[in-house]
Amino acid sequence: MTETLWENPPFYEHTLRRLLSKNILNTDTGILVVCGGEGDRVAFQSLGFKNVTISNLDTNLSSSKMSPFQWSYQNAEELTFPDDSFDFCVVHEGLHHCYSPHRGLLEMYRVSRFGLLLIEPCDNVFTKLGLVLDIGQEYEHSAVFYHDCKSGGVANSSVPNFIYRWTEKEIVKTISSFSPYGKHRFLFWRRLMMPWRNLANRRSALIRLLYPVFLLLELGDSVTSRMGNTLASVVLKPEIPRDVHPWLRLSEGEFEPDIHYLTGKFREK
(Lines give C-alpha, C1' and ligand atoms only; values in the text may rest on other atoms or scores of the structure.)
Protein backbone atom coordinates (compact mmCIF):
# COMPACT_ATOMS: atom_id res chain seq x y z
CA MET A 1 0.00 0.00 0.00
CA THR A 2 1.17 3.54 -0.74
CA GLU A 3 2.60 5.13 2.37
CA THR A 4 1.73 8.59 3.67
CA LEU A 5 3.02 10.70 6.53
CA TRP A 6 -0.48 11.80 7.46
CA GLU A 7 -2.70 10.01 9.95
CA ASN A 8 -5.84 10.29 7.86
CA PRO A 9 -7.44 6.94 7.00
CA PRO A 10 -5.65 5.32 4.05
CA PHE A 11 -7.26 6.16 0.71
CA TYR A 12 -8.23 2.51 0.21
CA GLU A 13 -10.12 2.30 3.48
CA HIS A 14 -11.56 5.77 2.97
CA THR A 15 -12.94 4.72 -0.44
CA LEU A 16 -14.52 1.57 1.01
CA ARG A 17 -16.15 3.66 3.73
CA ARG A 18 -17.48 5.95 1.06
CA LEU A 19 -19.07 3.05 -0.81
CA LEU A 20 -20.61 1.76 2.43
CA SER A 21 -22.09 5.19 3.14
CA LYS A 22 -23.61 5.30 -0.37
CA ASN A 23 -25.08 1.79 0.10
CA ILE A 24 -23.15 0.58 -2.93
CA LEU A 25 -21.49 -1.98 -0.62
CA ASN A 26 -22.51 -3.49 2.68
CA THR A 27 -20.58 -5.74 5.01
CA ASP A 28 -22.35 -8.83 3.62
CA THR A 29 -21.49 -8.08 -0.02
CA GLY A 30 -19.73 -10.99 -1.70
CA ILE A 31 -16.38 -9.57 -2.81
CA LEU A 32 -13.48 -10.91 -4.84
CA VAL A 33 -10.17 -9.09 -4.44
CA VAL A 34 -7.67 -9.63 -7.25
CA CYS A 35 -3.92 -8.99 -6.88
CA GLY A 36 -4.68 -8.97 -3.17
CA GLY A 37 -2.72 -9.45 0.01
CA GLU A 38 -2.25 -8.35 3.60
CA GLY A 39 -3.29 -4.75 2.99
CA ASP A 40 -6.62 -5.90 1.57
CA ARG A 41 -7.20 -8.28 4.46
CA VAL A 42 -6.60 -5.50 6.99
CA ALA A 43 -8.79 -2.98 5.16
CA PHE A 44 -11.81 -5.27 4.80
CA GLN A 45 -11.50 -6.76 8.26
CA SER A 46 -11.26 -3.33 9.92
CA LEU A 47 -14.56 -2.35 8.28
CA GLY A 48 -16.36 -5.54 9.30
CA PHE A 49 -16.75 -7.21 5.91
CA LYS A 50 -17.65 -10.89 6.19
CA ASN A 51 -17.78 -12.40 2.70
CA VAL A 52 -14.44 -11.67 1.01
CA THR A 53 -12.22 -13.83 -1.19
CA ILE A 54 -8.66 -12.59 -1.66
CA SER A 55 -6.74 -13.83 -4.70
CA ASN A 56 -3.24 -13.43 -6.05
CA LEU A 57 -0.47 -15.18 -7.99
CA ASP A 58 1.80 -15.02 -4.93
CA THR A 59 2.51 -18.56 -3.72
CA ASN A 60 3.69 -17.18 -0.37
CA LEU A 61 0.12 -16.31 0.52
CA SER A 62 -2.22 -18.89 2.01
CA SER A 63 -5.62 -19.42 3.62
CA SER A 64 -4.12 -19.05 7.08
CA LYS A 65 -2.51 -15.71 6.20
CA MET A 66 -5.73 -14.34 4.71
CA SER A 67 -7.98 -15.54 7.54
CA PRO A 68 -10.80 -14.83 8.33
CA PHE A 69 -11.37 -14.48 4.59
CA GLN A 70 -11.19 -17.02 1.79
CA TRP A 71 -8.02 -17.38 -0.26
CA SER A 72 -7.72 -18.35 -3.93
CA TYR A 73 -4.67 -18.65 -6.17
CA GLN A 74 -5.67 -16.69 -9.29
CA ASN A 75 -4.18 -14.89 -12.26
CA ALA A 76 -6.15 -11.63 -12.54
CA GLU A 77 -5.92 -11.83 -16.33
CA GLU A 78 -7.44 -15.35 -16.48
CA LEU A 79 -9.75 -15.82 -13.52
CA THR A 80 -11.11 -19.36 -13.22
CA PHE A 81 -14.46 -18.25 -11.77
CA PRO A 82 -17.66 -18.36 -13.85
CA ASP A 83 -19.39 -15.17 -14.97
CA ASP A 84 -21.19 -13.23 -12.20
CA SER A 85 -19.60 -15.30 -9.42
CA PHE A 86 -19.29 -12.38 -6.98
CA ASP A 87 -21.33 -9.32 -6.15
CA PHE A 88 -18.36 -6.99 -6.46
CA CYS A 89 -14.73 -7.20 -7.56
CA VAL A 90 -11.95 -5.03 -6.10
CA VAL A 91 -8.30 -4.33 -6.90
CA HIS A 92 -5.93 -2.01 -5.08
CA GLU A 93 -2.67 -1.08 -6.81
CA GLY A 94 -2.53 -4.39 -8.67
CA LEU A 95 -3.63 -4.10 -12.30
CA HIS A 96 -0.43 -2.29 -13.26
CA HIS A 97 1.40 -5.53 -12.41
CA CYS A 98 -0.50 -7.33 -15.20
CA TYR A 99 0.84 -7.96 -18.67
CA SER A 100 -2.46 -6.47 -19.87
CA PRO A 101 -4.12 -4.22 -17.27
CA HIS A 102 -7.15 -3.90 -19.55
CA ARG A 103 -7.64 -7.64 -19.64
CA GLY A 104 -7.44 -7.74 -15.86
CA LEU A 105 -10.06 -4.99 -15.65
CA LEU A 106 -12.41 -6.85 -17.99
CA GLU A 107 -11.98 -10.10 -16.11
CA MET A 108 -13.01 -8.25 -12.95
CA TYR A 109 -16.05 -7.00 -14.82
CA ARG A 110 -16.92 -10.48 -16.07
CA VAL A 111 -16.98 -12.20 -12.66
CA SER A 112 -18.90 -9.44 -10.86
CA ARG A 113 -22.70 -9.17 -10.74
CA PHE A 114 -23.08 -5.54 -9.80
CA GLY A 115 -19.82 -3.71 -10.21
CA LEU A 116 -16.18 -3.23 -9.38
CA LEU A 117 -13.71 -0.91 -7.68
CA LEU A 118 -10.17 -0.28 -8.85
CA ILE A 119 -7.65 1.97 -7.13
CA GLU A 120 -4.74 2.43 -9.50
CA PRO A 121 -2.11 5.00 -10.54
CA CYS A 122 -3.53 8.01 -12.36
CA ASP A 123 -2.16 9.52 -15.55
CA ASN A 124 -2.04 13.32 -15.46
CA VAL A 125 0.32 16.28 -15.74
CA PHE A 126 1.43 15.94 -12.13
CA THR A 127 2.50 12.30 -12.50
CA LYS A 128 4.33 13.15 -15.73
CA LEU A 129 6.18 15.88 -13.86
CA GLY A 130 7.05 13.36 -11.16
CA LEU A 131 8.74 11.18 -13.76
CA VAL A 132 10.75 14.14 -15.03
CA LEU A 133 11.89 14.97 -11.49
CA ASP A 134 12.67 11.30 -10.78
CA ILE A 135 10.10 11.24 -7.97
CA GLY A 136 7.97 8.61 -9.65
CA GLN A 137 8.90 5.54 -11.65
CA GLU A 138 8.10 4.46 -15.18
CA TYR A 139 9.00 0.86 -14.33
CA GLU A 140 8.41 -0.32 -10.77
CA HIS A 141 11.93 -1.26 -9.75
CA SER A 142 11.23 -0.55 -6.08
CA ALA A 143 8.53 -3.22 -5.80
CA VAL A 144 11.00 -5.87 -6.97
CA PHE A 145 13.73 -4.48 -4.72
CA TYR A 146 11.50 -4.68 -1.64
CA HIS A 147 10.73 -8.32 -2.53
CA ASP A 148 14.42 -9.28 -2.46
CA CYS A 149 14.60 -9.01 -6.27
CA LYS A 150 12.67 -12.29 -6.54
CA SER A 151 9.09 -11.14 -7.13
CA GLY A 152 6.81 -8.10 -7.09
CA GLY A 153 7.15 -7.30 -10.80
CA VAL A 154 5.02 -8.10 -13.81
CA ALA A 155 2.82 -11.14 -13.02
CA ASN A 156 4.67 -11.24 -9.67
CA SER A 157 7.96 -12.07 -11.41
CA SER A 158 11.38 -10.50 -10.79
CA VAL A 159 10.98 -8.31 -13.89
CA PRO A 160 9.94 -4.75 -12.92
CA ASN A 161 6.54 -3.98 -14.40
CA PHE A 162 5.68 -0.91 -16.43
CA ILE A 163 3.44 1.26 -14.25
CA TYR A 164 0.26 1.62 -16.28
CA ARG A 165 -1.53 4.83 -15.27
CA TRP A 166 -5.24 5.29 -15.99
CA THR A 167 -7.55 8.18 -16.74
CA GLU A 168 -11.29 8.36 -16.10
CA LYS A 169 -12.03 8.59 -19.80
CA GLU A 170 -9.99 5.48 -20.55
CA ILE A 171 -11.95 3.42 -18.02
CA VAL A 172 -15.28 4.65 -19.42
CA LYS A 173 -14.24 3.79 -22.99
CA THR A 174 -12.85 0.36 -22.06
CA ILE A 175 -15.98 -0.70 -20.17
CA SER A 176 -18.39 0.79 -22.69
CA SER A 177 -16.64 -1.02 -25.56
CA PHE A 178 -16.64 -4.37 -23.77
CA SER A 179 -20.20 -4.13 -22.50
CA PRO A 180 -22.30 -2.10 -24.97
CA TYR A 181 -25.74 -3.32 -23.91
CA GLY A 182 -26.63 -0.64 -21.37
CA LYS A 183 -25.74 2.54 -19.53
CA HIS A 184 -23.14 2.16 -16.78
CA ARG A 185 -22.64 4.38 -13.77
CA PHE A 186 -19.12 5.58 -13.05
CA LEU A 187 -17.78 7.23 -9.90
CA PHE A 188 -14.27 8.65 -9.64
CA TRP A 189 -12.12 10.08 -6.86
CA ARG A 190 -8.48 11.13 -6.93
CA ARG A 191 -5.96 11.35 -4.14
CA LEU A 192 -2.40 12.63 -4.02
CA MET A 193 -0.23 10.00 -2.32
CA MET A 194 3.45 10.88 -2.13
CA PRO A 195 5.80 7.85 -2.37
CA TRP A 196 7.54 8.67 0.89
CA ARG A 197 9.45 5.41 1.20
CA ASN A 198 10.95 5.83 -2.26
CA LEU A 199 11.68 9.50 -1.65
CA ALA A 200 13.49 8.66 1.58
CA ASN A 201 15.94 6.56 -0.43
CA ARG A 202 16.74 9.36 -2.87
CA ARG A 203 20.12 10.99 -2.23
CA SER A 204 19.32 14.02 -4.36
CA ALA A 205 19.75 17.30 -2.48
CA LEU A 206 17.03 18.84 -4.66
CA ILE A 207 14.53 16.16 -3.65
CA ARG A 208 15.25 16.79 0.03
CA LEU A 209 14.85 20.54 -0.45
CA LEU A 210 11.46 19.91 -2.04
CA TYR A 211 10.14 17.87 0.92
CA PRO A 212 8.18 20.82 2.40
CA VAL A 213 6.56 21.39 -0.99
CA PHE A 214 5.54 17.74 -1.23
CA LEU A 215 4.06 17.91 2.27
CA LEU A 216 2.02 20.99 1.41
CA LEU A 217 0.78 19.40 -1.81
CA GLU A 218 -0.39 16.28 -0.01
CA LEU A 219 -1.99 18.30 2.77
CA GLY A 220 -3.80 20.52 0.28
CA ASP A 221 -4.94 17.65 -1.92
CA SER A 222 -8.58 18.06 -0.88
CA VAL A 223 -8.49 21.40 -2.68
CA THR A 224 -6.29 20.36 -5.61
CA SER A 225 -7.67 16.86 -6.16
CA ARG A 226 -7.07 17.00 -9.90
CA MET A 227 -3.38 16.66 -9.09
CA GLY A 228 -4.01 13.28 -7.50
CA ASN A 229 -1.72 10.49 -8.64
CA THR A 230 -4.06 7.76 -7.36
CA LEU A 231 -7.44 7.16 -8.98
CA ALA A 232 -10.35 5.32 -7.39
CA SER A 233 -12.84 4.18 -10.02
CA VAL A 234 -16.20 2.55 -9.38
CA VAL A 235 -18.02 0.85 -12.25
CA LEU A 236 -21.67 -0.07 -11.65
CA LYS A 237 -23.20 -2.44 -14.17
CA PRO A 238 -26.45 -1.61 -15.97
CA GLU A 239 -29.60 -2.81 -14.27
CA ILE A 240 -31.70 -4.95 -16.61
CA PRO A 241 -34.12 -4.03 -18.09
CA ARG A 242 -34.06 -0.46 -16.77
CA ASP A 243 -30.66 0.55 -18.17
CA VAL A 244 -30.74 -1.39 -21.45
CA HIS A 245 -30.10 0.87 -24.43
CA PRO A 246 -33.36 1.69 -26.26
CA TRP A 247 -32.08 0.27 -29.56
CA LEU A 248 -31.82 -3.16 -27.92
CA ARG A 249 -35.43 -3.19 -26.72
CA LEU A 250 -37.78 -5.37 -28.74
CA SER A 251 -40.87 -4.06 -26.94
CA GLU A 252 -41.83 -2.79 -23.53
CA GLY A 253 -40.05 -4.93 -20.94
CA GLU A 254 -38.31 -7.12 -23.54
CA PHE A 255 -34.80 -6.96 -25.00
CA GLU A 256 -32.39 -8.89 -27.15
CA PRO A 257 -32.05 -12.45 -25.73
CA ASP A 258 -28.29 -12.59 -26.35
CA ILE A 259 -27.57 -9.42 -24.40
CA HIS A 260 -24.89 -11.18 -22.36
CA TYR A 261 -23.13 -12.70 -25.38
CA LEU A 262 -20.01 -10.61 -24.92
CA THR A 263 -18.78 -12.24 -21.72
CA GLY A 264 -18.82 -15.62 -23.43
CA LYS A 265 -17.02 -14.22 -26.47
CA PHE A 266 -14.33 -12.77 -24.24
CA ARG A 267 -13.60 -16.21 -22.77
CA GLU A 268 -13.12 -17.86 -26.16
CA LYS A 269 -9.52 -18.58 -27.17
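Two strands count as paired when DSSP finds at least two bridges between them. Helices (H or I, at least four residues) and strands (E, at least two) are DSSP runs numbered from the N terminus.

Before clicking, note that this is a predicted model, where local features need pLDDT of at least 70 and side-chain atom pairs count only at pLDDT 80 or more, while totals for chains, interfaces and linings use all residues. Residues are numbered from 1 along each chain as its sequence is written, and side-chain values use heavy atoms, with hydrogens and water left out.

**The sheet**

Select residues 31-34 and 52-56: these are strands S1 and S2, paired in the parallel sense over three bridges. Ile-31 stands opposite Val-52 in S2.

Now show the other strands. The open sheet has seven strands in the order S3-S2-S1-S4-S5-S7-S6, with mixed pairing. At its edges sit S3 (70-73) and S6 (185-191), each pairing on one side only. On average, neighbouring strands are turned by 15° against each other, direction ignored; axes here are lines fitted to C-alpha atoms, for helices over the stretch in contact, and angles run from 0 to 180 degrees between N-to-C directions.

**Two helices on the sheet**

Pick 101-111 next. This is H4, lying across S1, S4 (86-92), S5 (112-121) and S7 (230-236), and running at about 155° to S5. Then take H7, residues 168-178, which packs on the sheet and touches S5, S6 and S7 (contact means heavy atoms within 4.5 Å). The direction of H7 makes about 155° with that of S6.

**A pocket**

Which residues lie nearest the centre of the second largest pocket? Select Arg-113, Phe-114, Lys-237, Pro-238 and Glu-239, which are part of a lining of 23 residues. S4, H4 and S5 each supply at least two lining residues. A pocket is an open set of points on a 1 Å grid over the protein atoms alone, where a 1.4 Å probe fits, with protein on both sides within 12 Å along at least five of seven lines; lining residues have an atom within 4 Å of a point.

Most residues other than glycine have a negative phi, and most peptide bonds are trans. Zoom to Ser-67 and Pro-68: the peptide bond between them is cis, with omega near 15°. Pro-68 is in the loop between H3 (63-66) and S3.

Jump to Cys-35, in the loop between S1 and H2 (38-46), where phi is positive at about 55°. Last stop: Cys-149, in the loop between H6 (141-145) and H7, with a positive phi near 60°.
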